Amino acid sequence: MATDAHPPLPRFPAGFLWGVSTSAHQIEGAADERGPSVWDAFAAEPGRIKDGSTAAVACDHCHRHREDVALLADLGVSAYRFSVSWPRVLSGGIGFYDRLVDDLCAAGVRPVPTLFHWDLPLGLDWLERDTAERFAAYAATVAGRLGDRVQKWITLNEPAEHTLLGHALGVHAPGRRLLFDALPAAHHQLLAHGLAVRALRASGATDIGIANSHGPTWPASGEKEDVEAAEFYDVLLNRLFADPLLLGRYPDGVGELMPGDVAADLEVIAEPLDWYGVNYYAPARVGAPQAGPAESGGVPLPAGLPFSLREIEGRPVTDFGWPVVPEGLTELLTGFRDRYGDRLPPVVVTENGCSYPGVDDQERIAYLDGHLRALHRALEAGVDVRGYFVWSLLDNFEWAEGYARRFGLVHVDFATLERTPKASYGWFREVLRAQR
Ligand code: BGC
């Protein structure tokens with residue numbers, strides 16, 4: 001809705017993909033109809049999830065997907081990014097995705113599945129190389145079943161967060177606190193990605209990407225120590241994943257820490273991508289290490305790290321405490337184009353969104369409006385951006401935060417499972433209408 005606060009958005013190119021994103025573990029429920037994942041085991045451990053909840057029911061999307069597809073159709077998105085649960089496929093439940101994809105196609109919404117969004121089958125382990133090969137076999141199974149109707153594929157979601165939060169800091173499943181010894185989990189996920197790209201192509205897929213989380217890292221000051229700390233953080237968050245995918249090499253000093261025949265693996269990892277997915281939430285302000293307890297977005301950080309995360313002052317924050325910095329998206333995308341040049345394929349923003357309570361969510365409208373304008377500025381600056389997906393369609397199981405953080409355009413009452421479109425849903429629908 002164009003108002004004084006939000007004048008009409010600039011026009012995006014014809015054919016631009018407009019969508020919303022979700023993930024299997026966060027919405028599906030029906031946990032008793034699939035095999036267990038590392039997240040089921042993790043959430044069952046006392047104290048792991050803030051509100052003590054699990055995703056056993058979540059939004060009960062498996063049983064209510066028709067209602068959710070109707071919400072997508074009414075919203076008017078051209079695409080829907082969801083993830084396929086590897087544990088569900090392993091236990092014979094791929095039929096659910098068959099039905100979902102059929103319903104999406106019937107509703108005129110393009111299905112964009114992600115093959116892995118953190119719910120690793122229990123018993124598998126990213127520290128084991130073998131997991132990468134198993135992932136490629138699973139990718140082939142899914143492509144064999146859905147490939148007649150799915151054109152656009154995403155291999156992995158955010159291997160950076162899964163490595164950092166799940167294997168280095170232990171605040172996500174599988175709950176390991178390995179710090180830098182977690183790096184093999186990153187390498188095996190990247191290898192899994194490359195092997196899956198090959199498996200998908202072998203089954204006829206032609207439009208394959210990955211969804212990586214990225215953000216600008218701002219040095220806390222111009223002092224050498226702060227600048228070096230910010231560069232280190234930039235390597236961890238951005239280059240550790242984008243360099244091998246786009247340039248076929250790890251940043252200096254990283255390859256030596258990875259297991260196996262890294263040079264041979266890098267050839268697989270750098271299989272050309274049809275497009276590159278960027279999940280953007282906020283930048284990070286980074287300085288030299290400081291004394292005292294450190295944390296990042298409420299996550300306690302161990303002592304001895306070569307950097308410290310500082311507050312970005314003077315910005316509104318979401319109820320997660322994340323600063324709202326729309327121009328960080330322009331900076332990120334133009335910075336990527338400058339860093340990777342013609343090695344960067346067309347970009348799709350595969351996630352962008354914010355957590356706020358309530359159904360009259362004016363702050364979410366302001367957040368999304370600001371980020372879409374920032375995205376348009378990246379287009380004007382010559383970045384080849386092909387699509388934008390809001391995180392998320394529904395309020396859902398927000399990992400270690402449980403149900404306390406609400407990212408949805410649609411409110412979910414977790415007692416009754418009733419869906420109520422929020423003000424932001426109505427606003428986004430008007431945005432999409434105006435862009436048609
Ligand atoms: C993840 C989502 C998550 C969102 C908000 C992204 O890092 O892909 O699963 O819900 O951020 O925290």
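1. About 30 Å³ of space lies in the second largest cavity of this predicted model. A cavity here is a set of points, on a 1 Å grid over the protein atoms alone, where a 1.4 Å probe fits but cannot get out. Grid points are joined across faces, edges and corners, and the volume is the space filled by probe spheres set on the points. The model is predicted, so to speak of local features requires pLDDT of at least 70, side-chain atom pairs count only at pLDDT 80 or more, and totals for chains, interfaces and linings use all residues. Residues are numbered from 1 along each chain as its sequence is written, and side-chain values use heavy atoms, with hydrogens and water left out.

2. The lining of the second largest cavity consists of T22, S23, A24, I27, E28, H61, F82, S83, F96, Y97 and L100; a lining residue has an atom within 4 Å of a point. Elements giving two or more residues to this lining are α1, β2 (79–83) and α5 (95–106). The largest share, 3 residues, comes from α5. Helices (H or I, at least four residues) and strands (E, at least two) are DSSP runs, numbered from the N terminus. By class, the lining divides into 6 nonpolar, 4 polar and 1 charged. Ala, Val, Leu, Ile, Met, Phe, Trp, Tyr, Cys and Pro count as nonpolar, Asp, Glu, Lys and Arg as charged, and the others, Gly among them, as polar.

3. At least two lining residues come from each of α1 (24–27) and α4 (86–90). The classes are 2 nonpolar, 4 polar and 4 charged residues.

4. Around the ligand stand Q26, H117, W118, N157, E158, Y281, W322, E351, W391, E398, W399 and F407, each with a heavy atom within 4 Å of it. This shell has 6 nonpolar, 3 polar and 3 charged residues.

   - E398: an N or O atom of the side chain is 2.6 Å from a ligand oxygen.
   - W399: a polar side-chain atom lies 2.9 Å from a ligand oxygen.
   - Y281: a polar side-chain atom lies 3.4 Å from a ligand oxygen.

Taken alone the ligand exposes 310 Å², and the protein buries 94% of that; accessible areas come from the Shrake-Rupley method with a 1.4 Å probe.

5. The count of aromatic pairs comes to 30. Rings of Phe, Tyr and Trp (its six-membered ring) pair if their centres lie within 6.5 Å, with planes under 30 degrees apart counted as stacked, over 60 as edge-to-face and the rest as tilted. One of them, W18 with F428, is edge-to-face, at 6.4 Å centre to centre and 70° between the planes. W18 is in strand β1 (residues 17–21) and F428 in helix α13 (residues 423–435), so the pair links distant parts of the chain, 410 residues apart.

6. A cis peptide bond joins A173 and P174, with omega about 5°; P174 is in the loop between α7 (159–168) and α8 (183–202). The bond from W391 to S392 is also cis, with omega near 15°, and S392 lies in the loop between β13 (385–391) and β14 (410–412). A58, although not a glycine, has a positive phi of about 45°; A58 is found in the loop between α2 (38–43) and α3 (61–75).

Terms used:
Polar contact = N/O pair within 3.5 Å; in protein donor to acceptor, adjacent residues only side chain to side chain. 1 Å grid on protein atoms, 1.4 Å probe; cavity = no way out; pocket = protein on both sides within 12 Å on 5 of 7 lines; lining within 4 Å.
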